[in-house]
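We will go stop by stop.

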Amino acid sequence: MQLKPIPYDLLTDEMTLLSPRGDGYESEKIWNVRVVSASRISEYNSVRGRDTSEITVYYDCENSYPSDVDFEAGMLIMYNNTRYEILSAEQFKAETLHHIKITARKV
């Protein structure tokens, strides 16, 4: 079964992928992705809450750039001046790899 790529009209966001390297991070700009935000506050005591907001990123293997990016748990994403840690990167395939759904939580 052949799937069509995610339309460009939906791939309006960009982000920076931060990959651990030695004592720092290597940054790589990623564009033509779709980012969906979900705000969450978890209460860890009665006075203070912790921001556990998450983003879901949809990376299309044909229309997102650069191509052939490897996403792994533990990498960081910088989106709208906020850092998120990748929790999972789920691959969706038909005949070939179609897109990757990345879930990340604010750090």
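Predicted model: local features only at pLDDT ≥ 70, side-chain atom pairs only at ≥ 80, totals over all residues.

Residues are numbered from 1 along each chain as its sequence is written, and side-chain values use heavy atoms, with hydrogens and water left out.

Stop 1: Show the cartoon. Six strands close into a barrel in the order 1-2-5-8-7-6, with antiparallel pairing. From one strand to the next, the twist averages 45° (axes are lines fitted to C-alpha atoms, for helices over the stretch in contact, and angles run from 0 to 180 degrees between N-to-C directions). Strands here are DSSP runs of E, at least two residues, and helices are runs of H or I, at least four, numbered from the N terminus. Two strands pair if DSSP finds at least two bridges between them.

**Stop 2: strands 1 and 6.** Select residues 13-21, which make up strand 1. Strand 1 pairs with strand 6 in the antiparallel sense over 3 bridges. Now pick Leu-18: its bridge partner in strand 6 is Leu-76.

**Stop 3: the aromatic pairs.** How many aromatic pairs does the structure hold? There are 2. Select one of them, Tyr-59 and Phe-71: the pair is edge-to-face, 5.2 Å centre to centre, with 70° between the planes. Rings of Phe, Tyr and Trp (its six-membered ring) pair if their centres lie within 6.5 Å; planes under 30 degrees apart count as stacked, over 60 as edge-to-face and the rest as tilted. Tyr-59 is in strand 5 (residues 54-60) and Phe-71 in the loop between strand 5 and strand 6 (76-79), so the pair ties together parts 12 residues apart in sequence.

Buried means under 20% relative accessible area, exposed over 50%, partly exposed in between (1.4 Å probe, protein chains only).

**Stop 4: Val-69.** Stay in the loop between strand 5 and strand 6, where Val-69 is found. Val-69 is buried, at 8%. Beyond neighbours within four places in sequence, Val-69 contacts Leu-17, Glu-28, Ile-30, Tyr-59 and Ile-100 (heavy atoms within 4.5 Å).

**Stop 5: Thr-103.** Go to strand 8 (residues 97-106), which holds Thr-103. Thr-103 is buried, at 17%. Residues touching Thr-103, not counting those up to four places away in sequence, include Glu-54, Ile-55 and Glu-85.
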